[in-house]
Amino acid sequence: MAVLGTAAVEALIPVAALIGIAFAMLQWYVVARVPVPSHAGGGEGSKQGRGVRGEEEEGDEEDGMDYLLVEARCAEIQRAISIGATSFLLTEYKYLAAFTAAFAAVIFVFLGSAERFSARPSPCAYDPSRECRPALANAAFSAVAFLLGAATSVLSGYLGMRVATFANARTALEARHGVGRAFAAAFRSGAAMGFLLASSALLVLYAAVNLFGLYYGDDWGGLYESITGYGLGGSSVALFGRVGGGIYTKAADVGADLVGKVERNIPEDDPRNPAVIADNVGDNVGDIAGMGSDLFGSYAESSCAALFVASISSFGAEHDLTAMMYPLLISAVGLLVCAITTVVATDVTEVKESDEVGPALKRQILISTVLMTAGVAAVTFLALPPSFTLFDFGNDKHVKNWHLFICVSAGLWAGLVIGYVTEYFTSNAYGPVQAVARSCRTGAATNVIFGLAVGYKSVIVPILAIAAAIYASFRLAAIYGIALAALGMLSTIATGLAIDAYGPISDNAGGIAEMAGMPRRVRERTDALDAAGNTTAAIGKGFAIGSAALVSLALFGAYVSRAGITAVDVLSPRVFVGLLVGAMLPYWFSAMTMRSVGSAALRMVEEVRRQFDTIPGLAEGLAVPDYATCVRISTDASLKKMMAPGALVMLSPLVAGTLFGVETLAGLLAGALVSGVQVAISASNSGGAWDNAKKYIEAGMSEEARSLGPKGSEAHKAAVIGDTIGDPLKDTSGPSLNILIKLMAVESLVFAPFFAAHGGIIFDHL
C-alpha cells in the first residue's frame, strides 16, 4: 500500500495550487512597486519616482533628459499597448465563444448518437460485466468539460497578456538602474504568469474531477473519459490563439522591419515607424497569450491522457485514489519545485552584467530539472504501491513503482536535452548562429540557405531524445509510461512559462525605451535582455514541441484502445492512406499560416510606405504616424485568416473518422505526429537562428560582428531579410504545429465512441 493516504492527497493538490497562486501574487506585488505614472501629467507615480531616483536617473539629467517626461512617455506607450492587446483579445474571444458553444453541441450530438441518445446504464467499455453511466451522460459531461477547458485556456491567455502589459514599462524603467534590476522585473513578471497559469490549470482540473465524480461515483472509466474534453477545450482555444496571435504579431513585425530598417534605415521600435505599436501589441497577443494557452493545452492533455489510461488499469479497477492522482501529484510537486527555483533566480543570485543574463536563465532549467527529479522520486515511492498492473492494449502489464519514476524522469531530462540543444542552435554565443551571420556577407540568399540548414540539423538530437524517452517509457509502463513522460517534461511548466514570457516582456521593454527616448545605455541593457529572451523563447518552443510529441503519442494509444483497434498495421491500405494524408497535413497547415502572414504583411508594408510618403515631416520626426491604421490591419487580418487553418485541424479527424473509419484515422494521427514534429522543430529553430544572427550583427559584441555591421550595412540588411522570413516560421507556423498534432489526437479520443459505432461510411462500402 502507498504511504500517502487519501486525505493527504486530497489536501496536497489544492494546497500546492493555492501556494502557486499566492506566489504569483507575491511576484506581481514586487513588480508593482516600480512606479509608473498613471497619466501623462505625472501624479503619485511621478512623486514616488522623485523619491526613488537612482544614480542612472541623475545621469539622465546630465544627458539633458527630463526623467519625469520619460516616465510619462513610458506610461502613455504602455497604455496604448495594453489597450490594443486587450481590444484584440476580447474581439478574438467573442469569435471563440461562438465556436466553443457550437462545438460543444457537436460533441454532445456525436457522442450521444453513439448509443442512440440512450439514458439507460450500459455495459462498461473495458469491463462488460459491470454497468456504467449512460452514453447520454458521457456526452453531456464531455461537452461541459470541453467548455471548462476552453474557458480556462481563455483565462490563461488573458491573464498572461495582462501581466506582460503591466510589466513592460516597469522593466524599461528598471533598466535605468542596471541590467540586474531590469532582469529581475522581467523574470518576476514571467513567473507571475507562469504560476498563475500552472496553478489555475491544476486547481480547475482537480475541481472538475471531484465535481464530475459526484455523479459518476465508482464509474471511473466514464469519469475520466469525459474529463478528456477538458484537454480538447484547452487546445481548441490555444490553436486559434496561436494562429491568430501569430498572424497579428508577424504581420506587424515584418512590415515594421522591411520598411523601417531596410528601406528607411531607422532603428527598431523607432516611434516614427507607423507599425511599431502594432508590433509591440503583437508580442503580447501572440508570444504571451497564445503561448500561455498553448502550454496550458499541453498540460491539460497530458494530465487527461494519464488519468484516462490509469482509470482503465488496476488503479481504476481497485479505486485506489492515491495512485490515481499520481499525475496531479507530480504537477503539485512541480509547483513547489518551481517556486524554489524562482527564488534562486530573483533573491539568492544576482545578475550584474549583460553577459550573465543567458546563463542565469539556463540555470533555471537545470536547477528545476534536478530538484524535480528528487520530487518525483519522493512522490513515486509515497503515492504508489510497490507493484501494480497497467492496461497494455487488452493485456495486463505488471509494473513496479520505480518504473514510473524512470518514465517521468525520462521525459523530464529529455526536455532538458531539447532545451540545451535548442539553445546551441539559436543562441548567437555559439557557432551555428555565428555562421548564419557570416553568410550575410554575400547577401540574403546565402543567409537563407545557412538558416534553413541550421533548422534541419537542429532536428536530429531532439528527435533522438524524444525517441529514447518513448522507448524507455513504453517498455516499462506501456502507454501510461508515455503519458507520464509527457507530464514529466511539463512538470516544471511554471519555470518554463516564466522563462518564455520573460522574452516578450523584455522585447516590449526595449521598444518602450526606444519610443520614450531613453538614453542609449538603457536600450543596450534591454537589447541584452531581449537577445537572451529570443533564445529562451526558442527553448520554450522546443519544450512545447517535445511535450506535444509525447502527449500526442499517449493520446494516440488511448484512442486506439477506446476505438477497439487491436493493431495498427501500416501495410493495411486503410491505415497507409491515412498515414500519407496525415503526413501532408502539417505542410498544408503551414502553407495556410505562412500565406496568411505574407498577405497581411503585404498590406502592412504598403500602409507603412504610404504614411512615410504622404505624411509631411514623418521621416524627420516632426509628425506623428497613424498607429491605429496599422493596428487595425493586423487585427482584421488575424481574425479573418485564423479561421481556415483552425477549420482544417478541427475537421480533419471528424471527416477521417466518420467517412473512412477508425483505422484510417489512426494512420492520419500517426502521419501528422511524425511529420509535424520534424517540421515544427526545424521551422522554429531556423527562425530563431535568423533572428539572433541579426542581433549578433547589431550588437557588435565581437570583432567579427563589428566587421559585419553597423546597422544599415549590406550584411545587416541581408540579416533583416532572413529575420523577416523566419518570423512567421518561428512565431506562427512552427509553434502552431505542436497544437495541430495534439489537438487532432485528443479530438479523436473524445469522439472515439462515435467513430467506433458509426465511422467508415465510405470504406465500409468499398
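## Helix packing: α8 with α16

Axes here are lines fitted to C-alpha atoms, for helices over the stretch in contact, and the angle between two of them runs from 0 to 180 degrees between N-to-C directions. In this predicted model, helix α8, which spans residues 276-311, and helix α16, which spans residues 460-489, have axes that come within 9 Å and cross at roughly 155 degrees. Since angles over 145 degrees count as roughly antiparallel, α8 is therefore roughly antiparallel to α16, and the crossing of these two helices is left-handed.

The contact between the two helices can be followed residue by residue in the structure. On the α8 side the residues that meet α16 are S302, S303, A305, A306, V309 and A310, and their counterparts in α16 are I479, Y480, A483, L484, A486 and L487.

A486, which is located in helix α16, is buried, with a relative accessible area of 1%. Leaving aside neighbours within four places in sequence, A486 is in contact with S302, S547, L550 and V551. A486 and G292 are 194 residues apart in sequence, and their C-alpha atoms lie 17 Å apart in space.

F556 belongs to helix α18, which covers residues 520-562, and at 15% relative accessibility F556 counts as buried, because the cut-off for that class is under 20%. The C-alpha atoms of F556 and A305 are separated by 9.3 Å, although the two residues are 251 residues apart along the chain. When residues up to four places away in sequence are not counted, F556 touches V568, A666, L669 and A670.

## Helix packing: α11 with α12

Helix α11, residues 326-348, and helix α12, residues 357-383, pack at an angle of about 145 degrees, with their axes 9 Å apart. The crossing of α11 and α12 is right-handed, whereas that of α8 and α16 is left-handed.

Among the α11 residues that meet α12 are Y326, L329, I330, V333, G334 and V337, and among the α12 residues that meet α11 are Q364, I367, S368, L371, M372 and G375. Further along α11 the contact also includes I340, T341, T342, V344 and A345, and in α12 it includes V376, V379, T380 and A383.

## Aromatic pairs and charges over rings

The count of aromatic pairs comes to 25. In one of them, the rings of F141 and Y215 have centres 5.1 Å apart and planes at 25 degrees, so the pair is stacked, given that planes under 30 degrees apart fall into that class. This pair links distant parts of the chain, with F141 in helix α5 (residues 135-174) and Y215 in helix α6 (residues 179-216), 74 residues apart.

Y215 counts as partly exposed, at 30% relative accessibility, and the charged end of R133 sits over the ring of Y215, 4.8 Å from the ring centre. The charged end of R170 likewise sits over a ring, that of F166, at 3.9 Å from the centre. Elsewhere, F99, F103, F110, F146, F240, F751, F754 and F755 form one aromatic cluster.

## N738, a buried residue in α24

N738 is placed in helix α24, which runs over residues 714-750, and N738 is buried, with a relative accessible area of 1%. Not counting residues up to four places away in sequence, N738 touches D294, A544, I545 and A548.

Terms used:
Residues numbered from 1 in each chain as written. Predicted model: local features only at pLDDT ≥ 70, side-chain atom pairs only at ≥ 80, totals over all residues. Heavy atoms only, no water. Phe/Tyr/Trp six-rings, centres within 6.5 Å; stacked < 30°, edge-to-face > 60°. Helix = DSSP H or I, 4+ residues; strand = E, 2+ residues; numbered from the N terminus. Buried < 20%, exposed > 50% of the residue type's maximum accessible area, 1.4 Å probe, protein only. Lys NZ or Arg CZ within 6 Å of the ring centre and 35° of its normal. Parallel < 35°, antiparallel > 145°, perpendicular 65-115°, else oblique. Left-handed = near helix turned anticlockwise from the far one by under 90°. Contact = heavy atoms within 4.5 Å.
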